Structure formats: structure tokens, C-alpha cells
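Thanks for taking a look at this one with me. My notes follow as numbered points, to be read next to the structure.

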Amino acid sequence: MLVFCLAMAAHASDPAALKPLDPIPLPDVKGRIDHITIDVAGRRLFLAALGNNTVEVLDLKSRKRLRSITGCKKPQGVLFLPKGNLLCVANGGDGRLRIYDCASFQPLVTIGALDDADNLRYDARADRVYVGYGNGALGVVNPTTGVLTGSIELLGHPESFQLEPDGDRMFVNVPDARHVAIIDRSTRTLSEGWSLPNAQANFPMALDETNHRLFVGCRNPARLLVLDTGTGKTLSDLEISGDSDDLFYDSRRKRLYVSCGEGIVDVIEQRDADQYRVLQKIQTSPGARTSFFSPELNQFYLAVPQHGERPAEIRVYEIAP
């Protein structure tokens with residue numbers, strides 16, 4: 001508590017990095033909220049309401065819920081694809097990856113079974129969707145045909161993973177193996193693993209490809225690790241808030257946003273590729289650890305689950321210059 005108060009006092013003169021706007025209420029959403037994705041052109045936000053067994057579709061212009069997609073079983077990963085106006089939903093409960101038409105919200109195809117289907121990422125160059133699942137695998141899906149074209153074995157269940165936009169590598173957090181797995185997307189093979197000997201529970205991840213830096217959020221202890229993507233060496237190690245779950249890099253402002261279940265969003269300043277400091281700690285709500293950053297809309301979204309009599313909501317923040 002003393003450290004927290006000192007940090008708050010030290011940065012009290014800094015202008016607010018995240019300016020709160022009107023939230024979007026979710027009065028009927030119960031339980032845990034997992035991943036979020038966005039349709040930038042259509043100004044729609046999609047969130048996996050895992051505990052509610054629904055995917056919620058929100059209108060960012062009117063700040064209202066458009067609809068709930070029912071029939072889900074513990075939805076975890078969600079991914080919007082502008083090409084084709086499609087929504088991919090990974091269901092951890094039944095291991096099914098469903099692809100929906102976002103005009104009618106009817107399912108077009110169901111792929112599975114992929115036990116504990118979780119995180120989703122899109123490779124625009126190859127037009128492929130990656131889904132993390134099971135005790136250690138990444139499935140490779142053709143979103144146009146809805147065919148599972150292959151899988152890549154890992155040493156444990158994958159959490160957050162990031163793709164090099166201009167390269168062939170994919171970086172994968174594998175907490176059970178206490179490492180970051182490096183995948184060659186061209187050969188679909190595990191090329192190496194970068195050990196994290198001083199940290200455990202590496203869940204969130206972000207990538208700064210320009211500076212060749214990979215950011216890894218760990219829960220035990222609560223640290224942000226900065227890795228050199230050329231060597232895998234840890235170059236910086238910064239204390240963060242507890243229970244980190246989502247992590248985003250803002251290349252325009254040279255900042256990181258880390259949403260933590262402790263009830264805090266950490267805003268971290270990148271002074272240069274190897275130097276970082278906590279700019280602000282924004283108090284939110286216990287359990288609010290799922291978030292999404294949209295550089296196109298200049299907004300940050302935080303999912304706040306229901307707590308007692310207080311209903312769930314999405315808190316919307318404008319990014320300050």
C-alpha cells in the first residue's frame with residue numbers, strides 16, 4: 001500500500017493518460033468476461049461473456065448493446081475479420097470454433113473438437129486464423145472454407161500470442177512450460193523456447209516490432225518483462241500490479257496499457273527500447289482484467305464484471321495525447 005501511494009504521489013502531476021467516457025451497461029451479463037475484439041469500420045465491440053455463455057455485441061456510437069449471441073459454451077476467444085464480415089468464437093466448454101456471419105449473426109461453420117479453445121489471432125498475409133487449445137497446441141484454420149488445415153504442438157496450453165506482421169515468427173506464452181515459444185509460421189514448427197527463470201504465470205503479451213521488443217506480463221511475481229526479439233534475452237524487468245491479463249503497446253505514444261485483476265490499469269511509459277517507468281496506476285474494480293486497445297479509434301475498453309448489486313459494464317476511455 002505504501003509503495004502504491006508513493007507511486008500515485010510521484011505521478012500526480014502527470015496528465016491523465018486515460019480519460020473516462022460514458023460506460024456501456026451490461027445489466028444482464030453475469031460471471032466472468034473473457035476476450036474482446038472490435039469492428040473498427042462498423043464501430044462494434046464484441047466480448048466473450050464466458051460466465052454468461054453469450055457473446056455480447058455492442059454499438060460504440062450509441063453506447064448500447066445491439067444483441068447477445070446465445071448458444072455459446074464458455075466462449076473465450078473472439079476475433080472479428082473485416083474480410084467477409086465474420087466473427088470467430090472459440091468455445092472452451094465444448095471445444096468448438098464457430099464462425100458467424102456478422103450481418104445475420106447466423107453460424108456459417110463449426111470446427112472442432114478443440115478442447116479448451118481459447119485465444120485467437122489472424123495472419124493477414126496467409127489469411128489464416130490461429131486458435132490456442134488443449135494441453136498444448138495451436139490450430140490453423142482457413143476462415144474462408146472453415147477447414148482446420150493443421151496444428152502446431154506446444155509444451156503446454158497457450159495463452160496470449162503475437163504474430164510478427166513483417167516476419168514469419170509467432171511468439172506464444174506457455175505458462176506451464178515457463179517460457180515463450182517461438183513458432184515459424186512458414187513451416188508450422190516450434191523453433192525454440194525462451195525461458196523465463198525468474199517469473200511464472202506469463203499470460204498477457206504485446207509486441208513492439210519496430211524496436212524488436214516483446215512485452216510479457218507475469219503474475220508470479222507481478223512483473224513486466226521486456227525481451228529482445230533477436231536473442232530472447234530479458235533486457236528490462238518492471239514491477240506491475242497483480243493478476244495481469246491483457247497488455248497492449250501504443251506505438252504512437254510509446255506507452256503500454258496493462259489491465260490487472262487487482263483493480264488497476266497500469267500505464268507504462270517507454271522512454272527508449274530498454275527503459276520503462278510506471279506513468280500512472282488507474283484504479284478500476286477488482287476482477288476487471290479484460291481489456292482492448294483500439295489505436296484506430298483512440299480508445300481503451302475495460303470489461304468490469306458484475307460485483308454484488310453492481311451490474312457489469314464496459315468502461316470506455318479516450319487516450320490522452
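**Notes on strand 13 and its surroundings**

1. Six bridges connect strand 13 and strand 14 (residues 147-153), and the two run antiparallel. Within this pairing, Val140 has Gly150 of strand 14 as its bridge partner. The two strands make a hairpin with four residues between them, and Gly146 in the turn has a positive phi of about 70°. Strands here are DSSP runs (E, at least two residues; helices are H or I, at least four), numbered from the N terminus, and two strands pair if DSSP finds at least two bridges between them.

2. A word on the basis: this is a predicted model, in which local features need pLDDT of at least 70 and side-chain atom pairs count only at pLDDT 80 or more, while totals for chains, interfaces and linings use all residues. Residues are numbered from 1 along each chain as its sequence is written, and side-chain values use heavy atoms, with hydrogens and water left out.

3. On its other pairing, strand 13 meets strand 12 (residues 128-133) in the antiparallel sense over five bridges. Val131 stands opposite Gly139 there. This is again a hairpin, with three residues between the strands, and Gly134 in the turn has a positive phi of about 60°.

4. Is strand 13 enclosed or open to the outside? Six of the six residues of strand 13 (residues 137-142) are buried, so the strand is largely enclosed by the rest of the structure. Buried means under 20% relative accessible area with a 1.4 Å probe, counting protein chains only. Ala137, Gly139 and Val141 point one way, Leu138, Val140 and Asn142 point the other way, and all are buried.

5. Further along, please look at the open sheet of four strands, ordered 23-24-25-26 with antiparallel pairing. Strand 23 is joined to strand 24 (residues 255-260) by six bridges, and Tyr249 stands opposite Leu256 in strand 24.

6. For the chain as a whole, there are 29 strands and one helix. The C-alpha trace spans about 55 × 45 × 30 Å along its principal axes. Buried residues make up 57% of the 321.

Definitions and conventions:
Buried means under 20% relative accessible area, exposed over 50%, partly exposed in between (1.4 Å probe, protein chains only).
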